[in-house]
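Subject: Structure handover and notes

Hello,

Here is the structure for you to look through. My notes on what was found in it follow below.

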Number of protein chains: 2
Amino acid sequence: MTTAPPPPPLRERKKQRTRQALIDAALALFAARGFGGVTLDELCDEVEVSKRTFFRYFGGKEEVAMAPLHDLWRAFLEELETAPADGRPLLELMEATLLAALDRVADEAWAGRAALSFRLSQETSSMDAHNLHFCESTLRSVVAVLHRRLDLPDDPRTRLAGDLLVAAWRLAVEGWAVTAAGAPSVTDLAARVHDAVAALPGSLTLTARPRPGVTGSGPPGKAG
Amino acid sequence: MTTAPPPPPLRERKKQRTRQALIDAALALFAARGFGGVTLDELCDEVEVSKRTFFRYFGGKEEVAMAPLHDLWRAFLEELETAPADGRPLLELMEATLLAALDRVADEAWAGRAALSFRLSQETSSMDAHNLHFCESTLRSVVAVLHRRLDLPDDPRTRLAGDLLVAAWRLAVEGWAVTAAGAPSVTDLAARVHDAVAALPGSLTLTARPRPGVTGSGPPGKAG
DNA sequence: GCGCTTACGCCACCGAGTGGCATAAAGTAG
DNA sequence: CTACTTTATGCCACTCGGTGGCGTAAGCGC
């Protein structure tokens, strides 16, 4: 019987509550006064937790602010373990898996937090750097899983495909986080991810003629 | 007579010497004891410069270590201003421009420093994060220049193409920095960049069958 | 030589992040 | 309910990256 509601070691609940409290408080404070305008001491004071404890939950100031995005990628990695691997192109597989992960972890509250996280990361270089690094390092695990589950050649195209997904993801979220300032919708985000991935082939072959009359450098005088 | 060697404001020379001394000392120290094993005070002491002065040259500890790579991208941006923009695909244009920038800034000494920088960044998350962020932020300028000089649509494919280039670049340097530990050759790097860009289309369509016998979840029990 | 600008050094300070140790709370056995 | 173990937390002191302010010396034009 799975009816026995798994008694999550009462202890563990407090930890998760503390963790979530830190995330929520951090996002609220950062949104109000900016990432750099809030000290860890303030944040810890708000949640009534010692700074020492904060660092037992998060690796740094940036990490707590990026937690929602991190959770999604963790889910992505999990989904990847069980994703059906028929003969689809890798990129398609990864897109579908990402969408599945999104569907699993993303409720309405998540959407709000995630959009806020991303907006914050756009105005805070250390957060953006942290985020990029996290994606890239997660990508390593992704490639590892892929190689374990699939019969892939050793060439670097697998890794490249992962970078493509990350690029599309970032593009999608960037648009989403802006427009979704008021009411971020997970459905909208999913659609944007799909569109961004679909735009990838076109970006490879995109060709443009030089602007009429503009041959070299110099002020372009506001493209008409 | 252009033989009059342009007297660079004697003042400026000292600045550039100090800057380069900081870079060289930093790379040497980091290579010897690791990024985290060297304090700024030590570095400044080595170059006989005050810590205050260090921060007038570099934005942080990571920046001095990534200087060689940064210089290349700065050159890339400059080259992009005058790059011939015939009807080639964007990606091809960017690749050629990157190669041109490489040819301009990269001498033998640069190759050694750059390879060291990149190797360092691979074992130091804060450096890698910084590097990624720098690429991404440079990419913004690249897209801006492209839109100014070329008649490009407003859709996000331009940006995507830039991300593709960055992905290929990172892949190329990654391989190069490892093998070129002893004798990093610029020619080799250029070839790797070309190969990586050439591999992009294939990564889009890369397809793989599931591993024979591995169908879904469950501990793979050490695939053997 | 004499001012003017510019870069530098010094010092004091803030805030992020870490290690060590004592302690209180959760869980376990009697 | 008590006693004992485990583990998360709090507190404290400390290191180090990074910044602001101000005095001063080194270019540099006159």
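A contact, as used below, means heavy atoms within 4.5 Å. This is a predicted model, in which local features need pLDDT of at least 70 and side-chain atom pairs count only at pLDDT 80 or more, while totals for chains, interfaces and linings use all residues; side-chain values use heavy atoms, with hydrogens and water left out. Residues are numbered from 1 along each chain as its sequence is written, and chains are lettered from A and ligands numbered from 1 in the order in which they are written.

Chain A in outline

Chain A has 9 helices and 0 strands; both kinds of element are DSSP runs numbered from the N terminus (helices H or I, at least four residues; strands E, at least two). Buried residues account for 48% of its 224 residues. Buried here means under 20% relative accessible area, exposed means over 50%, and partly exposed is in between, with a 1.4 Å probe and protein chains only. Of the contacts in chain A between residues at least 6 apart in sequence, 70% join residues at least 24 apart.

Helix α9 of chain B

Helix α9 of chain B covers residues 186-205, which is 20 residues. From first C-alpha to last it reaches 30 Å, close to the 28 Å expected at 1.5 Å a residue; the expected span is 1.5 Å times one less than the number of residues. The helix bends by about 30° at B:A199, and the proline B:P201 follows within four residues. The bend is the angle between axes fitted to the seven residues ending at a residue and the seven starting there.

The buried residues of the helix include B:V186, B:L189, B:V193 and B:A199. What do the buried residues of α9(B) pack against? In chain A they meet α5 (90-105), α8 (157-179) and α9 (186-205), and in chain B they meet α5 (90-105), α6 (108-122) and α8 (157-179).

Grid points are joined across faces, edges and corners, and a volume is the space filled by probe spheres set on the points.

There are 3 cavities of 30 Å³ or more. The largest cavity holds about 180 Å³ of space. It is lined by 13 residues, and A:E136, A:D163, A:V166, B:E136 and B:D163 are the closest to its centre. Helices α7 and α8 of chain A and α7 and α8 of chain B each supply at least two residues of that lining.

The largest pocket has a volume of about 310 Å³. Its lining has 18 residues, with A:D155, A:P156, A:R159, B:L171 and B:E174 nearest its centre. At least two lining residues come from each of α7 (125-149) and α8 of chain A and α8 and α9 of chain B.

Single residues

B:E136 lies in helix α7 (residues 125-149) of chain B and is buried, at a relative accessible area of 9%. Not counting residues up to four places away in sequence, B:E136 touches A:L132, A:R170, B:R159 and B:D163.

B:D128 is also in helix α7 of chain B and is buried, at 10%. Its side chain makes a polar contact with the side chain of A:H133 at 2.8 Å. A polar contact is a pair of N or O atoms within 3.5 Å; within protein, one must be able to donate a hydrogen and the other to accept it, and residues adjacent in sequence count only if both atoms are side-chain atoms.

B:Q122, in helix α6 of chain B, is partly exposed at 37% relative accessibility. Leaving aside neighbours within four places in sequence, B:Q122 is in contact with A:R140 and B:E174.

A:E48 is in the loop between α2 (40-47) and α3 (51-57) of chain A. Most residues other than glycine have a negative phi. A:E48 is not a glycine, yet its phi is positive, about 60°. A:E48 is exposed, with a relative accessible area of 74%.

Regards

Note on methods:
On a 1 Å grid over the protein atoms alone, a cavity is a set of points where a 1.4 Å probe fits but cannot get out, and a pocket is an open set with protein on both sides within 12 Å along at least five of seven lines; lining residues have an atom within 4 Å of a point.
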